[in-house]
Amino acid sequence: MMKKQTTNYRIYTVEYALDVLEQFLDNTDELGMTELRKRLNLNKYTLGRLLATLASRSYIEVNNGTDCYRLGIRNLEMGQSAIKQMKLPRQARAVLESVVRDCNETTDVAIMRGSEIYCLDAVESSHPVRVVPRMGTMLPAHCTAAGKVLLANGSEADLQRYLSEDLRQLTMNTIIDRDQFRRLLSTIAAQDYALEDEELNLGVRSVAAPIRNYTGGVVGAVSVSGPIMRFNTARMYDELVPQVKRAAKEISLRLGYYHADTVQLSEG
């Protein structure tokens with residue numbers, strides 16, 4: 001007996017509702033009814049019912065000041081639940097806490113989503129002046145230590161797609177020359193860590209190393225970030241780079257990655 005095609009089970013009303021939510025995936029904060037109708041090619045009656053249903057479940061809310069729509073709190077709750085169910089942040093949490101106990105600098109684990117990085121989990125420093133992790137925020141990969149580690153260990157096709165767009169300059173230190181950036185990524189891949197020197201935000205530096213799973217593939221990055229006044233060159237190379245590389249190896253081991261020096265690290 002021939003199996004039914006998966007497409008036979010699609011419910012188009014549900015697809016329309018998901019299309020509404022996905023209009024807010026980029027940096028769009030709010031959208032009005034007219035703009036949503038234009039984007040979705042839906043009539044006012046259908047779109048109105050979809051929005052009312054989503055609003056009743058707190059997936060969409062209305063800004064009474066502008067009469068525009070924005071994502072509701074339920075999306076955040078669902079996102080946090082999804083993150084908790086992912087193996088990577090669950091395995092990384094104890095390691096992040098250990099790193100912060102050792103160096104007292106904000107430490108996080110991030111993954112690549114499209115052309116940007118996404119912070120899955122973080123533990124903050126207790127210093128009054130510290131980096132506050134941007135949980136749930138998408139950040140450009142080329143000007144973050146974690147993003148550079150992930151690009152350096154990704155496929156050539158992914159890198160070509162990333163470099164097909166202009167490298168946005170966020171500070172005077174952001175690398176925007178493609179050839180220079182490629183050379184840097186080759187160095188990062190060889191040394192297995194990356195640095196960020198005020199390339200995303202002035203006054204902030206960071207160190208990152210790749211996290212591997214049981215296949216050896218890079219699935220994320222762990223990074224330590226802090227103010228430039230504490231992240232001098234000597235401390236970054238002598239203390240923070242070794243700490244971040246050890247943390248990345250420990251998380252990798254927990255994800256099933258096998259390598260001789262990783263096993264030795266765990267046993268030591």
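How many salt bridges does the count come to by this rule, with a side-chain nitrogen of Lys or Arg within 4 Å of a carboxyl oxygen of Asp or Glu? The count comes to 17 salt bridges. This is a predicted model, in which local features need pLDDT of at least 70 and side-chain atom pairs count only at pLDDT 80 or more, while totals for chains, interfaces and linings use all residues. Residues are numbered from 1 along each chain as its sequence is written, and side-chain values use heavy atoms, leaving out hydrogens and water.

Let's start with R93. R93 pairs up with E97 in a salt bridge, with the closest N and O atoms 3.3 Å apart. The two sit four residues apart in helix α5 (residues 87–103), so about one helical turn separates them; helices here are DSSP runs (H or I, at least four residues) and strands are too (E, at least two), numbered from the N terminus. R93 also forms a salt bridge with D121, at 2.8 Å between the closest N and O atoms. That pair links distant parts of the chain, as D121 lies in strand β4 (residues 116–123), 28 residues from R93. D121 is buried at 14% relative accessibility, whereas R93 is partly exposed at 32% (buried means under 20% relative accessible area, exposed over 50%, partly exposed in between, with a 1.4 Å probe and protein chains only).

Next up is E105, which forms a salt bridge with R230, the closest N and O atoms being 2.7 Å apart. These partners are 125 residues apart in the chain. E105 is buried at 1%, and R230 is buried at 16%. Together with R235 and E239, they're linked in a network of salt bridges.
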